[in-house]
Amino acid sequence: MTKQTQFSLYGIHEFIKTIKTQAEARQYAIDWQNWVSENENISYAELAEWGAIFEDLATRFDLTDEFKENAII
């Protein structure tokens, strides 16, 4: 999956289900941060939706403190 599709909100909930480990969730968050820092066209609505996605991942993999510390959520 390319970064363009990997970070598209279309179908993201199905993709998120494929993340099975804490390490995969952490790496996805790192990759997303890199992608979003290069993307000038992200709206507040998209940012809010991503926040909800990462809240779910953080809860699922006990990464809430780490994600907050790194400004992911």
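**Close-up views of a predicted model**

**View 1. Ala 71 sits in the segment that follows H5.** The structure shown here and in the other views is a predicted model. The phi angle of Ala 71 is near 60°, which is a positive value in a residue other than glycine. Most residues other than glycine have a negative phi. Ala 71 has a relative accessibility of 59% and counts as exposed, because the cut-off for exposed is over 50%.

**View 2. Asp 62 is part of the loop between H4 and helix H5 (64-69).** As with Ala 71, phi of Asp 62 is positive although the residue is not glycine. The value for Asp 62 is near 55°. The relative accessible area of Asp 62 is 67%, so this residue is exposed.

**View 3. Helix H3 (residues 22-38) and helix H4 (residues 44-60) come together, with axes that approach within 11 Å.** Two packed helices are described by the angle between their axes and the distance between the axes. For H3 and H4, the axes cross at roughly 165°. An angle over 145 degrees counts as roughly antiparallel, and the two helices H3 and H4 are therefore roughly antiparallel to each other. The crossing of H3 past H4 is left-handed.

**View 4. Side by side, H3 and H4 meet through residues from each helix.** On the H3 side the residues are Ala 25, Tyr 28, Ala 29, Trp 32 and Trp 35. On the H4 side they are Leu 47, Trp 50, Phe 54 and Leu 57. Sorted by class, this contact of H3 with H4 has nine nonpolar residues, no polar residues and no charged residues.

**View 5. Val 36 belongs to helix H3.** With a relative accessible area of 17%, Val 36 is buried, because buried means under 20%. Val 36 and Phe 7 are 29 residues apart along the chain, and their C-alpha atoms are separated by 8.9 Å.

**View 6. Glu 49, in helix H4, touches Leu 9 and His 13.** Residues up to four places away in sequence from Glu 49 are not counted here. Between Glu 49 and Leu 9 there are 8.3 Å in space, C-alpha to C-alpha, while in sequence the two are 40 residues apart.

**View 7. Glu 14 lies in helix H2 (residues 12-16), and its side chain makes a polar contact with the side chain of Lys 17.** The distance for this contact between Glu 14 and Lys 17 is 3.2 Å. Glu 14 counts as exposed, at 53% relative accessibility. The C-alpha atoms of Glu 14 and Ala 45 are 20 Å apart, and the two residues are separated by 31 residues along the chain.

**View 8. Gln 6 is found in helix H1 (residues 3-6).** The relative accessible area of Gln 6 is 13%, so the residue is buried. From Gln 6 to Thr 21, the separation between C-alpha atoms is 17 Å. Along the chain, Gln 6 and Thr 21 are 15 residues apart.

Note on methods. Residues are numbered from 1 along each chain as its sequence is written. This is a predicted model: local features need pLDDT of at least 70, side-chain atom pairs count only at pLDDT 80 or more; totals for chains, interfaces and linings use all residues. Side-chain values use heavy atoms; hydrogens and water are left out. Helices (H or I, at least four residues) and strands (E, at least two) are DSSP runs, numbered from the N terminus. Buried means under 20% relative accessible area, exposed over 50%, partly exposed in between (1.4 Å probe, protein chains only). A polar contact is a pair of N or O atoms within 3.5 Å; within protein, one must be able to donate a hydrogen and the other to accept it, and residues adjacent in sequence count only if both atoms are side-chain atoms. Axes are lines fitted to C-alpha atoms, for helices over the stretch in contact, and angles run from 0 to 180 degrees between N-to-C directions. Angles under 35 degrees count as roughly parallel, over 145 as roughly antiparallel, 65 to 115 as roughly perpendicular and the rest as oblique. A crossing is left-handed if the near helix is turned anticlockwise from the far one by less than a right angle, and right-handed if clockwise. Contact means heavy atoms within 4.5 Å. Ala, Val, Leu, Ile, Met, Phe, Trp, Tyr, Cys and Pro count as nonpolar, Asp, Glu, Lys and Arg as charged, and the others, Gly among them, as polar.
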